[in-house]
Amino acid sequence: MADGSGLGSRPAFLGVERSLSGRAWRQRAADASLVRHHMQALGLDEPLARAMASREVGAEEGAHYLKPTLRALFPDPSCFADMDAGAAAIVDAVKRKASIHVFADYDVDGAASAALLIRWFRAVGVEAPIYVPDRLTEGYGPSARAFDTLKASGAELVITVDCGAAANEALAHAAAIGLPVVVVDHHLMRAEPPKALAVVNPNRPDCGSGQGVLAAAGVVFVLLAALNREGRKQGLFAERAEPDIRQWMDLAALGAICDVTRLSGFNRALTGLGLKVMSDWSNPGLRALLGAAGVEPGAAKASHAGFILGPRINAGGRIGRSDLGARLLSTDDAAEAARLAAELDALNVERREVEREVTETAIRRVEATGANADDSPAVVVAGDDWHPGVVGIVAGRLRERWRKPVIVIGVDPVTGVGKGSGRSQPGMNLGRAIQAAWEEGVLIAGGGHAMAAGLTMHRERLGDLTAFLHERLVGERADALAEDVLEIDALIEPGGASRALFEMFEQLAPFGPGNPEPVFALSGVQAREPMQMNGGHVRCRLVAPDGGSLRAVAWRCADLPHGRALLSGQGGLNVVGRLKADDWNGRRGVQFEIEDVADPRMA
């Protein structure tokens, strides 16, 4: 039994100190007394109780963790700095019939946040226009130009969602031209908030809400509760029904999952309950998008949001029109929803093709130069006309492949200016390094956080950036290697990987940061009937010495060491992955999604 000590002090699981992907395996740490408590107090089997303890679910939290309710976990809106002021300003604008505009970011969280507000406004008789800046021509967040445009269009109040908390200069301009703004955001910001009627952000330094893990859509959902409370106070519902905000929890869940927020406490409850609302597929946009993807409606899982709905909504902001997602999620017109969903689905197909081409070119370019060598702490790769809407996705793919920070830059061949995005490895603070590179004059602009960063630079400084990052990050590489550990919940047998086991652990859902999906290990199995599929995926059956078998798939790995080991059909492999439902043709079984492979003969 693990004792909760550090990664390095725990023994290697199945003796794996270095898998074929280069990672050590460890059993997820859990406090033994907490495991016993969950077993006794909640009547749980040991594996499930242990999984909860390893996810730091405390003794008093177990019941609400398994059956979360808003009543138990919903925060008082007034605990958010400026929440009451923001709600009062918005309700006052509604009552005096002011022209209210919603300014949203172009990603899923921004679209969901905007749709939440639009639906509340519609319920109180207000049609609020949406403004979403174009990713390529306007960049991220509010700008003086955008506020000038809104002012000229007659806006009397602007509400920014999923952006604005760090836009001090742009908000100062809005104040100077007499345009009132309420900011609703969740991103990190400066100590001094921007000049606005209200800045509602659980991550502002003086906010005591303790809800910093919320996505913007979660913050907006709390704002809706504050708006209802303020509306009651001001008599807004004297002649109309008070909006039931619970019907829109699906949008809050969508934002939380697609923004990869930490699923703990209220945020986890909001997400889990929101997925139950989503399961009705009553939002015309979500239902149409599911249909466009060729998926039948059913119980919504985090995978629906993260892998089916999210990428399609994001495609509008990446390579299409930036407002498509917000319009889709806010419409009540089934015909309009179908048209927008079809357009987003087509854009997503285009996005995948662009992403595939850039990924393949980047891999060839890096591996030809050896820039991904083991002693290289980071990879920088650039190409002419690589679409800025996909460079972040490609960076993430290559980070998974080489398990080190990767920056992918698309360069305008005419101006020589490149725009790039980076994804990092735990233990290596890429955002801080990019910020330092900007301060040193290597970049035109740059910033981010530990795991992701963005930048703008001149092509001729690519070598300087690579050298700067190597010098800056080489000291963090050892820490990153020590943290590159795959944590495992339990050892199972292929024959014991049943639907009942899968459903028992599904009680821990929804999964995400802070509440990781259970990871299981299989020992001494053989990959039989291996087959390479389009996209570099590998399918096989994992067969134990006793003959028990389990259908399995490994994604995008055919040319990687663990993919080659599976394709060789060799036996005696240790395999780690996740159980997934397999309902094809009504079979109600499971399959194994392979994460990593170790060959004991290479230990």
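1. S376 is buried, at 5% relative accessibility (buried is under 20% relative accessible area, exposed over 50%, partly exposed in between, with a 1.4 Å probe and protein chains only). S376 lies in the loop between α15 and β7 (379-384). Helices (H or I, at least four residues) and strands (E, at least two) are DSSP runs, numbered from the N terminus. Neighbours within four places in sequence aside, S376 is in contact with A371, K404, H470 and R477 (contact means heavy atoms within 4.5 Å).

2. A word on the basis. This is a predicted model, where local features need pLDDT of at least 70, side-chain atom pairs count only at pLDDT 80 or more, and totals for chains, interfaces and linings use all residues. Residues are numbered from 1 along each chain as its sequence is written, and side-chain values use heavy atoms, with hydrogens and water left out.

3. L329 is in helix α14 (residues 324-330). L329 counts as buried, at 0% relative accessibility. Leaving out residues up to four places away in sequence, L329 touches A111, A112, A115, R119, L251, L254, N283, L286 and I313. Take A115 from that list: L329 and A115 are 214 residues apart in sequence, yet 5.6 Å apart in space, C-alpha to C-alpha.

4. Next, D92, which is in helix α5. D92 is partly exposed, with 36% relative accessibility. D92 and G231 are 139 residues apart in sequence and 8.9 Å apart in space, C-alpha to C-alpha.

5. Now the aromatic rings. A search of the whole structure finds six aromatic pairs. Rings of Phe, Tyr and Trp (its six-membered ring) pair if their centres lie within 6.5 Å; planes under 30 degrees apart count as stacked, over 60 as edge-to-face and the rest as tilted. The rings of F74 and F221 have centres 6.2 Å apart and planes at 55 degrees, so this pair is tilted. F74 is in the loop between α4 (70-73) and α5 (83-95), while F221 is in helix α9 (residues 216-233), so the pair ties together parts 147 residues apart in sequence.

6. F505 and F520 form an edge-to-face pair, 5.1 Å centre to centre with 85 degrees between the planes. F505 lies in helix α19 (residues 499-505) and F520 in strand β14 (residues 520-532), so the pair ties together parts 15 residues apart in sequence. Both F505 and F520 are buried.

7. The charged end of R268 sits over the ring of Y65, 3.7 Å from its centre. The criterion is NZ of Lys or CZ of Arg within 6 Å of the ring centre and within 35 degrees of the ring normal.

8. Last, a helix pair. Helix α12 (residues 284-292) and helix α15 (residues 334-369) pack at about 45 degrees, with axes 8 Å apart. Axes are lines fitted to C-alpha atoms, for helices over the stretch in contact, and angles run from 0 to 180 degrees between N-to-C directions. α12 and α15 are therefore oblique to each other (under 35 degrees is roughly parallel, over 145 roughly antiparallel, 65 to 115 roughly perpendicular, the rest oblique).

9. Which residues make the contact? From α12 they are P284, G285, A288, L289 and A292; from α15 they are A337, A338, A341, A342, L344 and D345.
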